[in-house]
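Trainee: I have a model open and want to learn how to read it. Where do we begin?

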Amino acid sequence: MSCDKPRELLLEQVEMDAAQLQRKLHACARCTLLAVGRDLGLADDASLEVALKTAIPLSGGIAGARKQCGGLIGGVMAIGLGLVTYDARTSNPEARKPVMAAAKRFYRWFEAEFGHSDCYDIRDIHLGRFFDLADPEEAKKFDAAGGPELCARVVGKAARKAAEIILEAQHPQEDIGRA
């Protein structure tokens, strides 16, 4: 492991950090990626900064377009950051297979955990309705309905699961269970 903390404490830290980052900074894809990348030591600061810049517009259902949840996207990005150990500018289909399998596993878990992979559908399922956050009145209603806390919870859980999948792949000899 890239950290001396016991696995369970590390996963709890990732979840807590991601949720707190979402509450403070927003941009769910960035917050998920930042917590996993930083807490697992997946990249140096400069490389992580570049990845975070690319993650920001992927938040809010991909630039607010009601598509894939940024917590999902940030988790997939973290899996790539943690598991792509070859030169990513090359083809290398055999080395790509386990990374793709890990990302697919994460995607399937995410859908089962939150009921959907799309940002606005997750909000509809868990908050009871759709909110158009481009409308200031709707944004207030979203806040009052607990939307920011829902997003923090989604980001925290997604970061934790992505970190768990990365650690399992990096350290397959350890009995760390597959949830």
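This dialogue goes from the overall fold to single residues.

Mentor: Ground rules come before features. This is a predicted model, where local features need pLDDT of at least 70, side-chain atom pairs count only at pLDDT 80 or more, and totals for chains, interfaces and linings use all residues. Residues are numbered from 1 along each chain as its sequence is written, and side-chain values use heavy atoms, with hydrogens and water left out.

Trainee: How many helices and strands are there in the protein?

Mentor: Helices (H or I, at least four residues) and strands (E, at least two) are DSSP runs, numbered from the N terminus. Here the protein has nine helices and zero strands. Along the sequence the pattern reads α-α-α-α-α-α-α-α-α. The radius of gyration is 16 Å, close to the 16 Å from the globule rule for 179 residues, so the protein is as compact as a globular protein of that length. That radius is taken over C-alpha atoms, and the rule is 2.2 Å times the number of residues to the power 0.38.

Trainee: What does the C-alpha trace span along its principal axes?

Mentor: About 50 × 35 × 30 Å.

Trainee: What share of the residues counts as buried?

Mentor: Start with the cut-offs. Buried means under 20% relative accessible area, exposed over 50%, and partly exposed in between (1.4 Å probe, protein chains only). Of the 179 residues, 44% count as buried. The accessible surface comes to about 9,200 Å², and 55% of it belongs to carbon and sulfur atoms. Those areas come from the Shrake-Rupley method with a 1.4 Å probe; for residues, only the protein chains shown count as cover.

Trainee: And contacts along the chain?

Mentor: A contact means heavy atoms within 4.5 Å. Take the contacts with a separation of 6 or more: residues 24 or more positions apart account for 60% of them.

Trainee: How many positive and negative side chains does the protein have?

Mentor: Lys and Arg count as positive, Asp and Glu as negative; His and the chain ends are not counted. Each charge is placed at NZ of Lys, CZ of Arg, CG of Asp or CD of Glu. The protein has 24 positive and 26 negative side chains, and the centres of the two sets lie 3 Å apart.

Trainee: Now single residues. Is Glu168 buried or exposed?

Mentor: Glu168 counts as buried, at 4% relative accessibility. Its place is helix H9, residues 147-170. Check its partner through polar contacts. A polar contact is a pair of N or O atoms within 3.5 Å; within protein, one must be able to donate a hydrogen and the other to accept it, and residues adjacent in sequence count only if both atoms are side-chain atoms. The Glu168 side chain makes such a contact with the side chain of Arg105, at 2.8 Å.

Trainee: Which side chain does Lys161 join in a polar contact?

Mentor: That of Glu164, at 3.1 Å. Lys161 is in helix H9. Lys161 also counts as buried, at 4% relative accessibility.

Trainee: Where is Gln170, and what does its side chain reach?

Mentor: Gln170 is in helix H9. At 32% relative accessibility, Gln170 is partly exposed. Its side chain reaches the backbone oxygen of Gly82 at 3.2 Å. Leaving aside neighbours within four places in sequence, Gln170 contacts Leu42, Gly82 and Leu83. Gln170 and Leu83 are 87 residues apart along the chain, yet their C-alpha atoms are separated by 7.4 Å.

Trainee: Where does Leu42 lie?

Mentor: In the loop between helix H2 (28-39) and helix H3 (45-55). Leu42 counts as buried, at 16% relative accessibility. Beyond four places in sequence, its contacts include Ala78, Leu81, Ile166 and Gln170. Leu42 and Leu81 are 39 residues apart in sequence and 6.5 Å apart in space, C-alpha to C-alpha.

Trainee: Last one: what is phi of Ile62?

Mentor: Near 60°, a positive value in a residue other than glycine. Ile62 is in helix H4 (residues 59-62). Asn92 has a positive phi of about 45°, although Asn92 is not a glycine. Asn92 sits in the loop between helix H5 (70-83) and helix H6 (93-114).
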